[in-house]
Amino acid sequence: MKFSAAPLACLLLPWVGMAADLKPADLEFFESKIRPVLVSECYECHDAKKQKADLRLDYRDGLIKGGENGPTIVAGNAQKSLLIQSITHAHEDLQMPKKRPKLDAKIIADFVSWVNRGAPDPRTAAPTDSITPAWADLLAVRKNWWSFQPIVNPSIPAGPASSPIDRFLNAKIIAAKLTAAAKADKATLLRRVTYTLTGLPPTPAEIAAFQADTSTEAYARVIDRLLASPRYGEHFARHWMDLVRYADTHGSEGDPNIPQSWRYRDYLIRAFNDNVPYDQFVREQIAGDLLTQPRVNPAEQLNESALGTGHFRLIEHGFQPVDTLDEQVRNVDNQIDVVSKTFLGLTVSCARCHDHKFDPISQADFYAFYGIFASSRPGQVTVDSPEQLGLHREKLSGLKQEIREALAAQWRQQAKDLPAALNRVRGQSGERGKLEQRLAQLEQTLAGDSFRQSLKAEKDAGPAPIHWWTFESDGRDLIGKLDAQMQGGARLRNGRLILDGKGAFAETDATTEPLTAKTLEAWVQLPTLAQSGGGVLTIESIDGKAFDSIVYAERQPQRWMSGSDNGARTQNVGGPVEKTPPTELVHVAITYAADGKTTIYRNGQPYGKSYSPINAAGGLHAFAQAKSHLLFGRRHTGGNNSFLQGEIEEARLYNFALTADQIALSFQTGILRGEVPAVAANDGTLKAAREEADKLRAQLKESAPSDGKLTAGFAGETDPTHPLHASGLRRVGLRPNPPKAAPTDAPDWDLASATATAWSQHGNGMAGRITPGEFRVETAGPDVLRQILPSGLHSHTLSTKHSAVLTSPRFKITTDFISVQVMGRGATLRLIPDNYPLSPGGSRFPKAGVNSERATWLTLDTAYRKGSHAYLELTLPDDSPNPDGKLGVAGWFGVRQVRFHDGKVNAPKGEAVIVTAPTLNTVSDVTDALVDAAQAWGRDQANEAQAALLDNALRHGVLDAGLNTSPKLAQLVTEYRRLEEALKNPRRAPGFWEVPGFDQPLYTRGDHNKPAEPIARRFLEILDAKPFKPTGSGRLELATKIGSADNPLTARVMVNRLWHHTFGRGLVGTVDNFGRLGDQPTHPELLDYLAKRFVQERWSVKSLLRELLLTEAYQRSSTPAEGTTTQDGPNDLLSHMRIRRLEGEALRDSFIALAGRLDARMYGPGDNALAPPREQVRRSVYLLIRRNTLNPLITTFDGPKPFTTVGRRDSTNVPVQSLTLLNDPFIIETARRWSEQLEANASDESKVNALFLQALGRPANAKEQAAATRYLAELKSTPAANPNQVWADFAQSVLNLKEFLYVK
Amino acid sequence: MSNKMNPLSRRELLRRCSLGFGGIALSSLLSSPAFGAGTTSTKPKTKAKNVIFCYMSGGVSHVDSFDPKPALTRLHGQSMPVPIQRTVFNNNGKVMGSPWQAKRYGKSGLEMTNLFPQIAECADDLTLIRSMTSKVSEHAQGNYFFHTGFPFMGHPSAGAWLTYGLGSENQNLPGFVVLQSGGAVVPHGGVGLFSNGYLPGQHQASILKADGALALANIKPGEADAAQRRRLGFIQEIDQAFAETAREPQVEAAIRNYETAYRMQAAVPEVCDLNEETEATKQMYGLNSPDKLTASYARQALLARRLVERGVRFVELSCLTAGIGAGGAANPWDQHGAIAKGHGAMAHQVDQPIAALLKDLKQRGLLESTIVIFSGEFGRTPFSQGSDGRDHNPYGFSLWVAGGGFKAGTAFGATDELGYYAVDQPLTVYDFWATILHQLGLDHEKLTYRFGGRDFRLTDVHGHVIKPILA
């Protein structure tokens, strides 16, 4: 329904003249006070279209004439007017407006006054049609409702009571001629106040202390003690949890966890215990993450304010919704419902489909709120204090720059040393280089084929090799199952196993086959030839008694040998001295033939002489299956000098001895990467290759020798394995396939440019820089860094112990695919449609893991979600509301570009789009380029090409980023690591991420497929219609509006809640609804007095509670004075105290306390009482609340279902409650444990007293003792009775007493 | 209970406060002194008193059962001739003909497949609705929507509304019972599906195990009857004195509850004892079926009849999973794959017991006063998911009702030629419940409860009684 003021205004015009006889004041009065009410409350049934009881009220004569009940008014006499009788409900039958709440007292007074002044009415003409009341008119009437009026400062009634609160109450009690009940006895009072403030029973010691304290301050002291007890915060936090439908899971299918939900609960407990001023508390709940001066918990170093928004995330979520907008509407509706009821006592969500039926809340109000909450994004907010989040930030940044400079200096030097190295590179010269390279390629293919053919031809051999490690990305065995596990600091870099010679090695699990004859083969690079005794590849019996190994320089310097246990199968073979430069690989193989003959090969050639066993002991050793294993980089377990310093590129193990030809072929073929290729078919390809190779060889013979130029020879990428191969330096990036289809008009983002600022960065690990050359300092290992990053938005550039979330602007999905160029480790790229944060994956919830060190394109299939609004999100598991991986695992991510496209084939592919490669024609060009790049990078001025060049040089080992290349660098990095080590992983909690906001279109009739005009984000029209600033979500402004004494609701609603918890029912009974469908206050002046006082006392909840508890009213007996009930049935006037049933949680907590098991440990993840480990020792506020499996004990005793605000719990009586207390194993167990604590030797009488005292706060009286004696006698007379069972049974009966279940 | 309850004489109090499982909208009337809350002022003459809800959690394929579509056989293996809506698994295949054969059954000639051969034989007792729709296509929300009229937790289940509106005829048994047996569990969404929501606690469902030693939680005393009576005697003695000083109706009610609870301890085991039934009856239901799932479901069906005989208002039965094609414990009919095998096994589980239930109710003269409902949360797609399953279809599906004054042997509404969309007289869950409530003498627009500033209904703000299907 949409109203406008226009129709009414138009209709008014002709009457002005006709109403000229009306005095202006009368006219004004009618138009402002009477007409709007008639329109909004009466016309529906009494107008041109509908004349209930034959009555029309839409023009003057109709009103005067009246209907079947006679004339409506007696002008000048309100008392006698039917209209007034019916709206005041004084009339027996007519109570108007029908089916609606009684009109507000102020409006009734206006009507009385209007009739008394003669009912001046300008409406002379009878309308011919119904008048739809304009919203402005409805608002004009509805704004009169009591709760929207400013809080007044009422005068305090006179009276003897010291508390003004009592004087307000007593005035009404006296006026009603009631007698107030007597003061409650001390035992009752202590039990009452202890449950009110802590939800627990008083202990016998507390009872004794209170009884003994006869001073006038005794009771006040109890209140102060209880308010200071941590149990108070636990109890009042639980009250608050009822308001925000607290649960630890999202419900629906799967009932997924809300990660870290308990942090919000702990926040509540601390907030109540710390007595945080309520206005502050309110602001925190709406926008605690945005407060400029957050409230920091110094002990915990927590940003308490940021925790406040957790309740927004405690919503029920659908499971994999097909229509995510429908889901969002439900969720935001629920958030609006909870916020408006909790803080304002208003039902704003009733205005989703149309203007509110009764309250001054328009449909536009709903969508104004909608825009605010939908503009905020669900996330795991970082909740450490700003100080902790910024710990060492400046120092680390400073050190990082120093490290950069020092490393740049190193690199400049290394670059200058390059020419000599580069000159050694094979195939240096132009055309010749090209030819040589091509030849090498062909030879490799041919050799590889021959090699494989020869292996295949080997009659006795099985599949060969049987184990094969290339260390490309891990230690996996490409053929068998003997994966190499890194030990002692061994690690992988550039596809090699890096060994430090000090303890690093790799080993496998037990062998999967017996091995006698065999071949050990490896490619290894030795950075220094001056080392001794290291093993390259070893097979060893697990007991360490026998081994065979490729050993370097153990018996003779710089010579290879076949190492074995105690040298049993080792001989010096007289091979040449090893002189391979530290930058080149050596190929070493040892064959152990079936007859025991051992031969060593180096680079494909026999190395020294082969030898046969000297004796039986020196014969071939059989390495038993499952009792042997393999070592890499270690001669054998337990030996001295057994570790190799070097890098193993590849290793193979064969279960037969290769022939010399096979070894030669293997060397020629070289190292192999990736999978085992099939043996090439002899289909002409090889033939062609052979012919081409022959031709090339001939060509090369004739071509000129090296001219020292690089040129095109370096364009090839065929042998990137050689660390100095300059092709690596050119390999700075592949261009993506250009999109085949025309670009769509959807937004494309380049996060390497200034448009990156459109994205929202959250957490303390997003530096916001986009410039090329960013890097991460390694926090362990021998390297300073491992990567130079291209431009883009990168996370965790100071430490992986930071939090980081990156989200795109909101957009409408218009393409079938979205491709994002990302890099990272352990991160997830996700499309979040309509703020739905749970994404199980697949094409319905597109997402992809980000696990690439270099920028690569990931393509999300978004066809299913076309038409939805969404954003892209990058997170690590810790920062995700729906983690995809293990928590607590470090990672990072970076983003460069986003492209929207249709057609999967149009997805950009390949590595980073970077730059045009620099022109490197000569060795000195390379040197110069590297020097320039290092220099620029050192000043943090590297351009994209320079960053890429450095990164490639680093990857290919041209530049060394070793920590120990200079003492200064080592020192800086050590200091960096020391500081970084001190950082803590941030704590996360559910909350909202703030992003630029949008205005939500109003949904016509609430149908989310029918958007109308957008509604500006703002507070409720009736309280402040000014739109908020359009930049943020508007939460901060909303928080200010709600958490302010300027609006008449916030303070009233909260004091009423406290009154409810204290006296059992609010002054306004409907604590969550101060609107027209709610109750009106029984004591409006008192409510305003309390609200004023609350604000005056700086919104102190504890102060207000203290004042309430110190009243006479609270201390009265619950037994009414004679005659009282007949006059004040509902006890609205509080002439006596109300009796209340224990809440489910208080009941369970009491059980645990009585059983002597109460564990006072506070905070942390929820306890599971329903399944093992059945945690039943902490208070119920710490119970895990799974929406789909609520705790039956607490539910049975009216614990709320967590779906909306429940400020007033039911207190139902159902037989299931009795059955529970009689038969539930937990109760029986409680009684048993409780009875076991009775003093064994005490008399029955004192045992009975002890139980009564603990359960009821008082000893048993004489009659009860007599009843107990009879009951005990019966129990004892049972044949099977034993004393333990008797008292367990008796104790359980005490737990079934109504006086235990109720607080009087 | 309300604090606002007027003072009452003790006798009056005890009479009115025996809320037990009985209080007819009383407590809520008292706690909502304003207007609007309450039930029908005058109870029209109605035939139905009870409901047995055979809930087919997971979603039965209507095109394979009660809404046969020859077009699917004709177009089998071809692309869908109309655009496909988003499906839950987005793995949409081609049009898939039904593995079952359609034929006309009974005098009424209702057309059904042979998926449920025994139920089909009861054709002349069935009222088929072939134009049902749902708002949601996921299980939990679908279950909530079907049970409560809202696709999320917190609202009262239909059974709760019914006991709230009508009360119970048996003070010693809960008015709203959910049956389980074997491995049957609560459908997706959890026990909230059977919640009283904001209605008073006595309207919450009790879950009874049709085959368990402990049919209802805490129903079995841990002590001998004599011992418990001694206990109750002592408790009552002390409680009376407290009640005198308290002068509080809710305390009186709490005392009174112990009497009801005590009687329930005897009444529940009695009703659950199926040994009282004849061999012929057991045979008819399939209690001795070699199909373990059938035998187990049969216990629920038979127990449902016993509960209804004793005045329980609303009984819901729970299927057991056959573990085929994504049909898990919570959603046994959910055959996203292997639908022929899965639906075959599931149908075999319920066919005989439900057919027996209909016959048994009829021969005992209970069918007139009992509405039997057979439905899942939605139907399944006419096209395949993968090669041999079907995805969820909320746009059109079938359910049937029997007894309770419905026009028997008729079919109402229709889906399109493919069974994809309801096209003739599409019905909502609101319409369905409005009609069920109507047959029980309740006006769905008047059966309201004020909570959090709004008057709520089972039918939200929608729903029309489907007059043409009433006898």
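The model is predicted, and every value given here was computed from it. Chain A and chain B bury about 6,600 Å² between them, and a search of the whole structure finds 100 salt bridges over all chains.

**Helices α8 and α10 of chain A**

- Helix α8 of chain A, which covers residues 186-198, packs against helix α10 of chain A, which covers residues 218-228, at an angle of about 25° and with the two axes 10 Å apart.
- Because angles under 35 degrees count as roughly parallel, α8(A) is described as roughly parallel to α10(A).
- The crossing of α8(A) and α10(A) is right-handed.
- On the side of α8(A), the residues that meet the other helix are A:Leu189, A:Leu190, A:Val193, A:Thr194, A:Leu197 and A:Thr198, while α10(A) brings A:Tyr219, A:Val222, A:Ile223, A:Arg225, A:Leu226 and A:Leu227 to the contact.
- Sorted by class, the contact of α8(A) with α10(A) holds nine nonpolar, two polar and one charged residues.

**Helices α15 and α16 of chain A**

- Helix α15 of chain A (residues 324-344) and helix α16 of chain A (residues 363-374) pack at an angle of about 105°, and their axes lie 10 Å apart.
- Because angles from 65 to 115 degrees count as roughly perpendicular, α15(A) is described as roughly perpendicular to α16(A).
- From α15(A) the contact takes A:Leu325, A:Gln328, A:Val329, A:Val332, A:Asp333, A:Gln335, A:Ile336 and A:Val339, and from α16(A) it takes A:Phe366, A:Phe369, A:Tyr370, A:Phe373 and A:Ala374.
- By class, the residues in the contact of α15(A) with α16(A) divide into ten nonpolar, two polar and one charged.

**The interface of chain A and chain B**

- The contact draws 81 residues from chain A and 73 residues from chain B.
- Of the area of about 6,600 Å² that chain A and chain B bury between them, 57% is on carbon and sulfur atoms.
- Three salt bridges are found across the interface of chain A and chain B.
- A:Asp1289 forms a salt bridge with B:Arg231, in which the closest N and O atoms are 3.5 Å apart.

**A salt bridge within chain A**

- Side chains of opposite charge can pair when their charged atoms come close.
- The side chains of A:Glu647 and A:Arg496 meet in a salt bridge, with a distance of 2.9 Å from N to O.
- This pair links distant parts of the chain, since A:Glu647 belongs to strand β17 of chain A (residues 645-654) and A:Arg496 to strand β7 of chain A (residues 496-500), with the two residues 151 residues apart.

Definitions and conventions:
Residues are numbered from 1 along each chain as its sequence is written. Chains are lettered from A and ligands numbered from 1 in the order in which they are written. This is a predicted model: local features need pLDDT of at least 70, side-chain atom pairs count only at pLDDT 80 or more; totals for chains, interfaces and linings use all residues. Side-chain values use heavy atoms; hydrogens and water are left out. Axes are lines fitted to C-alpha atoms, for helices over the stretch in contact, and angles run from 0 to 180 degrees between N-to-C directions. Helices (H or I, at least four residues) and strands (E, at least two) are DSSP runs, numbered from the N terminus. Angles under 35 degrees count as roughly parallel, over 145 as roughly antiparallel, 65 to 115 as roughly perpendicular and the rest as oblique. A crossing is left-handed if the near helix is turned anticlockwise from the far one by less than a right angle, and right-handed if clockwise. Contact means heavy atoms within 4.5 Å. Ala, Val, Leu, Ile, Met, Phe, Trp, Tyr, Cys and Pro count as nonpolar, Asp, Glu, Lys and Arg as charged, and the others, Gly among them, as polar. Buried area is the accessible area (1.4 Å probe) that two parts lose on being put together, summed over both. A salt bridge is a side-chain nitrogen of Lys or Arg within 4 Å of a carboxyl oxygen of Asp or Glu.
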